[in-house]
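This report considers the aromatic rings of one protein structure and the charged groups placed over such rings. Please examine the sequence and the structure before reading on.

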Amino acid sequence: MAVPLRRLHHVSLHVSNGLKLAHDLVSKYKFDLFATRLTDKSRQVAFRKGTSVFVVNEGPNGGNGEHPDHAPRVHSEKHKLSNPSCLYDVHTHHPVDSVSNVCFEVEDVERSFKVLRQLGCNFLVPPTTVEDENGLVTYSVVKSIVGNVCHTLVDKTKYGGTFLPGFTIAEKNWSLEKEDLSCPVTHFDHITYASPRKSSHQVIGWYEKLFGFQRFFIDGDEDVDEGFVVNQEGVGLRLTAMQYWKCSKAGIALPFPDVKEPDCKFVIAESLPHEGRNQVDTFLEQHRGAGVQHVALYTKDIVSTAHAMAEAGVQFFSPPPAYYTEVGKLQEMEKAGLDPQRLSEHGILLDSDLQEVPSYLLQVFTKPLFAEDTFFLELIERRGATGFGEGNIRALWRSVQAYMENERRDSQGENVQSAH
Ligand SMILES: O=C(O)C(=O)Cc1ccc(O)cc1
Ligand SMILES: [Fe+2]
């Protein structure tokens, strides 16, 4: 039996310059800094927007900070020594900035540990209990089969605090906080892994076996073995997707036992053998291996969110301007009640499924957040659409190819403007 996940708790990043990322998350991406854990040698800072939470861990080696006196009590039953410099996580000593941990809430960490170990799972931290005045949590950390990705499993059922023991909550009355209407991001919609060729089945198998994920088809015509293949017009991409359902008690889904609510979806992206560079191969090269390529933030209003973020300095990928004037596209936009001008301003892509009840998928992708061409964010608004849009994927891929080609020309002095 697999271990059921209650829900996604947070996503953590390990970066060498935490201040820069903190600044960007707050001022550009409109996240709120709400909890911090500072020791003399390490810094862990949590940011949130709706229910989506990022934890930024700073330091190339994460620091090996001594445990200061005011720190929470950490007990590990299996190992006397714990590593409090990076609580609820591990340092994988990855050579570049990376999104390396997707933390899930589970019902019972001890039991999960036993089950997962029997299934052959590799644990980096055994069940460990941390407590403060608001109660206790137990967590452990498993190594995923994907690159440097780890999963912290945390049981918060005996904890009444705002985040996690050891973190200090920022002084702000959160209950009085008004919803930011210009940027209504509510949750993580999906997480996309960049993975080497022919690895997707193994990845899906691993998540099915250990956590009860289920494959779902991105497209009606998708082949079980091949996945969803986009292989035309210079695009060479293979996608497979999987999901799990939010659970309350072990195995029982919320809000009613017979109504399952899927949580954050996972997409695995492979490149197809193809001439020239592409987004997935570039990621694998610059990230030095597989990992989290992007995280999609669900928004109730993508136009307004992209606008607010762009005003604050976020750069988005834009498809070629012709995308917005193609006859079919224009009609689609009008049918959906969208203003092509507003969409084109920020490079927002639209995919429509014009069934009896039409559904629409709107997406836009940011430029990479770190120094390398690796991790980026996506904004996604779903109007009835549950999957991913082939048209959007093609348009995105082409705009990224154009960007990479332009960067290459810049670096080689081939662009006219860079000759001066
Ligand atoms: O469409 C989406 O949001 C995806 O997540 C699919 C995807 C995956 C990898 C890419 O490089 C581009 C698109
Ligand atoms: Fe995506």
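## Aromatic pairs and their surroundings

At a relative accessibility of 0%, Y207 is buried, because buried means under 20% relative accessible area. F266, also with 0% relative accessibility, counts as buried too. The model discussed here is predicted.

A pair of aromatic rings is described by the distance of the centres and the angle of the planes. For Y207 and F266, the centres lie 6.2 Å apart and the planes meet at 25°. This pair counts as stacked, because planes under 30 degrees apart are given that name. Y207 belongs to helix 3 and F266 to strand 17 (residues 265-271); the pair links distant parts of the chain, 59 residues apart.

A search of the whole structure finds 22 aromatic pairs. Among them is the pair of F104 and F211, which is tilted, with 6.3 Å from centre to centre and 40° between the planes. F104 lies in strand 6 (residues 98-106) and F211 in helix 3 (residues 200-211), so this pair also joins distant parts of the chain, 107 residues apart. F104 is buried at a relative accessible area of 0%, and F211 is buried at 3%.

One aromatic cluster contains F104, Y193, W206, Y207, F211, F213, Y244 and F266.

| Charged residue | Ring | Distance from ring centre |
|---|---|---|
| R48 | F34 | 4.5 Å |
| K367 | F317 | 5.6 Å |

Terms used
Residues are numbered from 1 along each chain as its sequence is written. Chains are lettered from A and ligands numbered from 1 in the order in which they are written. This is a predicted model: local features need pLDDT of at least 70, side-chain atom pairs count only at pLDDT 80 or more; totals for chains, interfaces and linings use all residues. Side-chain values use heavy atoms; hydrogens and water are left out. Rings of Phe, Tyr and Trp (its six-membered ring) pair if their centres lie within 6.5 Å; planes under 30 degrees apart count as stacked, over 60 as edge-to-face and the rest as tilted. Helices (H or I, at least four residues) and strands (E, at least two) are DSSP runs, numbered from the N terminus. Buried means under 20% relative accessible area, exposed over 50%, partly exposed in between (1.4 Å probe, protein chains only). A charge sits over a ring if NZ of Lys or CZ of Arg is within 6 Å of the ring centre and within 35 degrees of the ring normal.
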